[in-house]
Amino acid sequence: MSYFKHPNAIVESSKIGENTRIWAFSHVLPEAVIGSNCNVNDHTFIENDVLIGNNVTVKSGVYIWDGVRIADNVFIGPNVTFTNDLKPRSKQYPEKFEKTIIEEWASIGANATIIAGLTIGKYAMVGAGSVVTKDVPNNTLWFGNPAKFKKYICNCGENLNDKLICIKCRKQYEIINNIIGEKL
């Protein structure tokens, strides 16, 4: 085994990357895929149709349901709630579950709820306790209930000023076709 599994974890998947750590009272179902160098904290559940990239942190109390795709270097805060069915009924299952995409370097704060079928963009941040009901574009900060756009942020996580320059690392950004990206 090239990953660490706490003795009180249930890991049924054989698709776990090197140097990943899975802590106590976590349960990973057989078809789940978890990349290298991830940290899956206590009291988590990872369903079958889940893909988790490399260098991902999943804090305690997170349940990741079928259809969730988490890219590399993502941070999932404690008790983040994912959903995968927009019309849930007991014992009635959709033909397929909604796909929820969390792109590279995104961060989701504690107790946030992510409604099924959305995309959280690259380097985006969702504030603690937020309820995300629409896609979150790259390099943006959203929070509230429902979560709303608050400001543009740098890849390093700091705010951008009115000229779209990072207040910390001084990277410059530009908006082209309503999409923000680093200025070349």
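Modeller: Contact means that heavy atoms lie within 4.5 Å of each other. Please keep in mind that this is a predicted model.

Colleague: Which residues is Ala9 in contact with, leaving aside its neighbours within four places in sequence?

Modeller: With those neighbours set aside, Ala9 is in contact with Ile22, Trp23, Ala24, Phe25 and Ser26.

Colleague: And where does Ala9 sit?

Modeller: Ala9 belongs to the loop between strand S1 (4-5) and strand S2 (10-11).

Colleague: Is Ala9 buried or exposed?

Modeller: Ala9 has a relative accessible area of 6%. The cut-off for buried is under 20%, so Ala9 counts as buried.

Colleague: How far apart are Ala9 and Thr44 in space?

Modeller: From C-alpha to C-alpha, Ala9 and Thr44 are 9.4 Å apart, while 35 residues separate them in sequence.

Colleague: Ser26 was among the contacts of Ala9. What does Ser26 touch?

Modeller: Not counting residues up to four places away in sequence, Ser26 touches Asn8, Ala9, Ile10, Val40, Asn41, Asp42, His43 and Thr44. The side chain of Ser26 also makes a polar contact with the side chain of Thr44, at 2.8 Å.

Colleague: Is Ser26 buried or exposed, and where is it?

Modeller: Ser26 is buried, at 2% relative accessibility. Ser26 lies in the loop between S3 and S4.

Colleague: Let us change topic to charged pairs. How many salt bridges are there?

Modeller: The count comes to 3 salt bridges. One of them joins Lys15 and Glu31, whose closest N and O atoms are 3.3 Å apart. That pair links distant parts of the chain, with Lys15 in the loop between S2 and strand S3 (21-22) and Glu31 in the loop between strand S4 (27-28) and strand S5 (33-34), 16 residues apart. Lys15 is partly exposed, with a relative accessible area of 34%.

Colleague: What does Arg69 meet in a salt bridge?

Modeller: The side chain of Arg69 meets that of Asp49, at 2.7 Å from N to O. This pair also links distant parts of the chain: Arg69 is in strand S11 (residues 68-70), Asp49 is in the loop between strand S7 (45-46) and strand S8 (51-52), and they are 20 residues apart. Arg69 counts as buried at 18% relative accessibility, whereas Asp49 is partly exposed at 31%.

Colleague: Which residue does Lys99 form a salt bridge with?

Modeller: Lys99 forms a salt bridge with Asp49, the closest N and O atoms being 3.0 Å apart. Lys99 lies in the loop between strand S13 (81-82) and strand S14 (100-102) and Asp49 in the loop between S7 and S8, so this pair ties together parts that are 50 residues apart in sequence. Lys99 is partly exposed, with a relative accessible area of 39%.

Colleague: S11 and S14 have come up. Which open sheet do they belong to?

Modeller: They belong to an open sheet of 5 strands, in the order S5-S8-S11-S14-S17, with parallel pairing. S5 and strand S17 (119-120) stand at the edges with a single partner strand each, so one side of each is left without a neighbour in the sheet.

Colleague: How many bridges join S5 to S8?

Modeller: There are 2 bridges between S5 and S8, which run parallel. Ile34 has Ile52, in S8, as its bridge partner.

Colleague: Is Asn139 buried or exposed, and which residues is it in contact with?

Modeller: Asn139 counts as buried, at 5% relative accessibility. Leaving aside neighbours within four places in sequence, Asn139 is in contact with Lys122, Tyr123, Ala124, Lys151, Tyr152, Ile153, Cys154, Asn155, Tyr173 and Ile180.

Note on methods. Residues are numbered from 1 along each chain as its sequence is written. This is a predicted model: local features need pLDDT of at least 70, side-chain atom pairs count only at pLDDT 80 or more; totals for chains, interfaces and linings use all residues. Side-chain values use heavy atoms; hydrogens and water are left out. Buried means under 20% relative accessible area, exposed over 50%, partly exposed in between (1.4 Å probe, protein chains only). Helices (H or I, at least four residues) and strands (E, at least two) are DSSP runs, numbered from the N terminus. A salt bridge is a side-chain nitrogen of Lys or Arg within 4 Å of a carboxyl oxygen of Asp or Glu. Two strands pair if DSSP finds at least two bridges between them. A polar contact is a pair of N or O atoms within 3.5 Å; within protein, one must be able to donate a hydrogen and the other to accept it, and residues adjacent in sequence count only if both atoms are side-chain atoms.
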